[in-house]
Amino acid sequence: MSSTTTTTDAAHGAADAAHGAADAAGMPQLDFSTFGNQIFWLVVTLVVIFFVLSKIALPRIEAILQARQTRITNYLSTAEDMKQKAVEAEATYNQALADARLEANKIVAEARAEIQAEVDAAAAKADAEISAKAAESEAAIAEIRAGAVDSVKAVAKDAVKEILAAMGHKADAKTVTAAVTARMKG
C-alpha cells in the first residue's frame with residue numbers, strides 16, 4: 001500500500017506541477033512554443049473552409065442567385081408584355097369608345113333628321129289644311145259678304161220705299177235700285 005500511495009502521490013505531484021507551470025505561462029494561445037502548431041492548424045482549417053465554400057456553398061449560392069435573376073428577368077419581361085397589352089387594350093377601348101360616340105352621334109343625327117322630316121311633313125300638312133280652311137273661310141266670308149250686301153241692298157231698297165211712301169212720294173223700283181247701288185259703291 002505504501003508503494004501505491006507513493007506512486008499516487010507522485011502522480012498528483014506531477015499533475016500539480018504541470019498545472020502550476022500552465023498557470024505561470026498564461027494563455028496557451030500566446031505560448032510561443034505552440035505557435036507553429038497553431039499556424040499549421042489555422043492554415044489547414046482555412047484550406048478546408050476554402051474548399052468547402054468553393055466546391056459546395058458558393059456553387060449553391062451562385063445557382064440560387066442565377067435562378068433568382070432568371071425569375072426576376074422573366075417577371076420583368078412578363079410585366080413589360082402585360083404593360084404593352086394594357087396599353088393596347090386601352091387604345092382599343094378608347095377607339096371603341098370613340099366609335100361608339102360617333103355611332104351615337106350618327107343615330108342622334110338620323111333621329112333628328114327623321115323627326116325634323118316628320119315635323120316638316122306635319123307642318124306642311126297643317127299649312128295645307130290651314131290654307132284649305134282659310135280658302136273655305138274666305139269663300140264662306142265672301143258668300144256671307146255677298147249675301148250681306150244683297151241683304152243690305154234689299155233692306156235699303158225696302159227702307160227707301162217705306163221712307164218715301166211715308167213722306168208721300170212714290171218712286172219707281174229702278175230709281176231706288178240705282179240710288180242704293182250708287183251709294184253702296186262709295
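Accessible areas in this report come from the Shrake-Rupley method with a 1.4 Å probe. The structure is a predicted model, and on that basis the protein exposes about 15700 Å², of which carbon and sulfur atoms supply 65%. Of the 186 residues in the protein, buried residues make up 1%.

The secondary structure comprises 3 helices and 0 strands. Along the sequence, the pattern reads α-α-α. Helix α2 covers residues 35–167. At Leu53, α2 bends by about 45°. Just after α2 comes Gly168, whose phi is positive, at about 95°.

| Patch | Residues |
|---|---|
| Nonpolar, about 640 Å² | Leu42, Leu46, Ile49, Leu53, Leu58, Ile61, Leu65 |
| Negative charge | Asp99, Glu103, Glu110, Glu114, Glu118 |

The nonpolar patch includes Leu42, a residue that lies in helix α2. Leu53 is also one of the residues of this nonpolar patch, and α2 has its bend of about 45° at Leu53.

The patch of negative charge on the surface includes Glu103, which is likewise found in helix α2. Why can Glu103 be described as partly exposed? Its relative accessible area is 41%, and partly exposed refers to values between the limit for buried, under 20%, and the limit for exposed, over 50%.

Definitions and conventions
Residues numbered from 1 in each chain as written. Predicted model: local features only at pLDDT ≥ 70, side-chain atom pairs only at ≥ 80, totals over all residues. Heavy atoms only, no water. Patch = residues over 30% accessible without salt bridge, like charges linked within 9 Å, V, L, I, M, F, W, Y side chains within 5 Å. Salt bridge = Lys/Arg side-chain N within 4 Å of Asp/Glu carboxyl O. Lys, Arg positive; Asp, Glu negative; His and termini not counted. Charge placed at Lys NZ, Arg CZ, Asp CG, Glu CD. Helix = DSSP H or I, 4+ residues; strand = E, 2+ residues; numbered from the N terminus. Buried < 20%, exposed > 50% of the residue type's maximum accessible area, 1.4 Å probe, protein only. Bend = angle between axes of the 7 residues up to and from the residue.
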